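Dear colleague,

I am passing on the structure we spoke about, together with notes on what was found in it. Please read them with the coordinates open beside you.

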Amino acid sequence: MTLSNTAPTAELQALDAAHHMHPFTANGALGAKGARIITRAKGVRLTDSDGAELIDGMAGLWCVNIGYGREELAEAAARQMRELPYYNTFFQTSHVPALTLAAKLAELAPGDLNHVFFACSGSEANDTNIRMVRQYWALKGQPARRTIIARHNGYHGSTMGGGSLGGMAGMHAQGGLPIPGIVHIDQPYWWGEGGEMTPEAFGLARARQLEEKILELGAENVAAFIAEPVQGAGGVIIPPDSYWPEIQRIVDKYGILLIADEVITGFGRLGHWFGSQSYGIRPHIMTIAKGLSSGYQPIGGSIVCDEVAHTIAQDEFNHGYTYSGHPVAAAVALENLRILEEEGIIARVRAEAAPYLAQAWGALADHPLVGEAVSRGMMASLALTPDKASRARFAAEAGTVGYIAREYSFGNNLVMRHVGDRLIIAPPLVISTDDMDALVARARKTLDQTHAHLQREGMLQAAA
Ligand SMILES: Cc1ncc(COP(=O)(O)O)c(C=O)c1O
């Protein structure tokens, strides 16, 4: 079996259906339908095996921040593979790519987040975080501080630890999650759950659930709170402005550790190097992955503050991955960071791309199906509704309408994702204003087609 980008689509689909188990997919249904096979990509565009060109509104899985096809990263990988394709960082050795990347991340990260523990993904990094915060408190002589508070509809990965920190009901329903010692509070999703409250009041109320949960558990039993600055996989849920300052106040008051999961929001997506800077919060640990290498290599990690890192250093930390700080991945990540920095990509997000997207995407709010059209940085979402005024849900099972819309979008050669009945995008940070216009035009066409479909099928009713 050789690798071929030019075999007929049907042949590739048959091999895929016969042998390839896809993540987060009903594989039986996909096998019957046939996966869309992506063969190459450049900038913000993907090409499939039939030669069709798609706008990648999701930057892969929120990761290809600098866009596809950057030769410099391929060169960095090839160079590193020739020089030192692999070595580990266990047992008293190190290597130049890992230590240089750690130093660079310490320079970029705010405050005293000066230390990096590498993993290969966001999920692994969050598993590291669970063990690290518990070990931290054990070393501080407070071993009872083990419970980690997270949020319903948060996403922190797919390993046992990551999936447990996450608050995805569909994931918890399979495989015995969550593991013990992880509890969840509600999300700051005003449009969906805010009822008659103002966004400000709702944001405060949801943040105060953290305080209530700490008091219920006893602060002496709580290790940490983990959250994404903006929930990504939960549907691009942008918290009300009142939310994060109140969380910071509570975290400070009870002396628990704050873990900001920056896997999506890191590396420029919100117009700063890290989403925490955009919200003015001061995490003790940040989870990173995705945009760290723009997805060109699998790499993630935890950026850790002085106090936690120095405490952990007092004893052997019995934890690590064969590929922690993999030299090729680290070399590629360094080149990616150089491009982000030297080309001023994050400054452009802040000054030009994000404001442009906010205006272009925000204009979709006038569509009859759209309850809210919101963005923060280069993350954006639409809430689909049968009735804007009451922020109603559809009578059809949650996600049915979102799925219909996503299918039209795919047909229009636009990769948008649906989360329930929300449509979401997170394009490469380098997307031009012309391409943002093209993206929004395809999104509008998708909404028109979905609306016509729902009318035809009598599906515009609200849930009782
Ligand atoms: C916020 C967040 N944390 C963690 C993860 C898990 O990262 P990975 O898929 O690299 O394991 C994701 C993935 O989407 C994520 O969005």
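Strand β9 (residues 285–288) and β10 run antiparallel and are joined by 4 bridges, and within this pairing isoleucine 288 stands opposite glycine 301 in β10. Please keep in mind throughout that this is a predicted model. Strand β10 has a further partner in strand β4 (residues 113–119), which also runs antiparallel to β10 and is joined to it by 6 bridges; here leucine 113 has cysteine 305 of β10 as its bridge partner. Since 6 of the 6 residues of strand β10 (residues 300–305) are buried, the strand is largely enclosed by the rest of the structure. The cover extends to both faces of β10, with Gly300, Ser302 and Val304 buried on one side and Gly301, Ile303 and Cys305 buried on the other.

Strand β12 (residues 379–384) runs antiparallel to β15 and is joined to it by 4 bridges, leucine 382 having leucine 423 in β15 as its bridge partner. Strand β14 (residues 417–419) is likewise antiparallel to β15, with 3 bridges between them, and arginine 417 stands opposite isoleucine 424 in β15. The hairpin of β14 and β15 has 2 residues between the strands, and in this hairpin glycine 420 takes a positive phi near 60°.

Turning to the ligand, the residues around it are Ser121, Gly122, Ser123, Asn126, Tyr155, His156, Gly157, Glu228, Asp261, Val263, Ile264 and Lys290. By class, this shell has 3 nonpolar, 6 polar and 3 charged residues, and helix α6 (residues 122–139) gives the most to it, with 3 residues. A nitrogen atom of the ligand, in turn, is 2.7 Å from an N or O atom in the side chain of aspartate 261. Taken alone the ligand exposes 390 Å², of which the protein buries 84%.

The structure also holds 22 salt bridges, and a few of them deserve a separate look. In one of these, arginine 36 is paired with aspartate 48, the closest N and O atoms being 2.9 Å apart. Because arginine 36 lies in the loop between α2 (27–33) and β1 (38–42) while aspartate 48 lies in strand β2 (residues 45–48), the pair ties together parts that are 12 residues apart in sequence. With 28% relative accessibility, arginine 36 counts as partly exposed, whereas aspartate 48, at 6% relative accessibility, counts as buried.

Another salt bridge brings together the side chains of arginine 249 and glutamate 211, at 3.0 Å from N to O. This pair links distant parts of the chain, with arginine 249 in helix α11 (residues 243–254) and glutamate 211 in helix α10 (residues 199–217), 38 residues apart. Arginine 249 has a relative accessible area of 35% and is partly exposed, while glutamate 211, at 12% relative accessibility, counts as buried. Both residues belong to a network of salt bridges that links Arg208, Glu211, Glu246, Arg249 and Lys253. Elsewhere, arginine 406 forms a salt bridge with glutamate 407, where the closest N and O atoms are 3.9 Å apart; glutamate 407 counts as partly exposed, at 26% relative accessibility.

Lastly, there is glutamine 461, which is found in the segment after α17 (433–456) and is partly exposed, with a relative accessible area of 47%. The C-alpha atoms of glutamine 461 and proline 386 are separated by 6.1 Å, although these residues are 75 residues apart along the chain.

With best regards

How values were computed:
Residues are numbered from 1 along each chain as its sequence is written. This is a predicted model: local features need pLDDT of at least 70, side-chain atom pairs count only at pLDDT 80 or more; totals for chains, interfaces and linings use all residues. Side-chain values use heavy atoms; hydrogens and water are left out. A residue is near a molecule or strand if one of its heavy atoms lies within 4 Å of it. A polar contact is a pair of N or O atoms within 3.5 Å; within protein, one must be able to donate a hydrogen and the other to accept it, and residues adjacent in sequence count only if both atoms are side-chain atoms. Accessible areas come from the Shrake-Rupley method with a 1.4 Å probe; for residues, only the protein chains shown count as cover. Ala, Val, Leu, Ile, Met, Phe, Trp, Tyr, Cys and Pro count as nonpolar, Asp, Glu, Lys and Arg as charged, and the others, Gly among them, as polar. Two strands pair if DSSP finds at least two bridges between them. A salt bridge is a side-chain nitrogen of Lys or Arg within 4 Å of a carboxyl oxygen of Asp or Glu. Buried means under 20% relative accessible area, exposed over 50%, partly exposed in between (1.4 Å probe, protein chains only).
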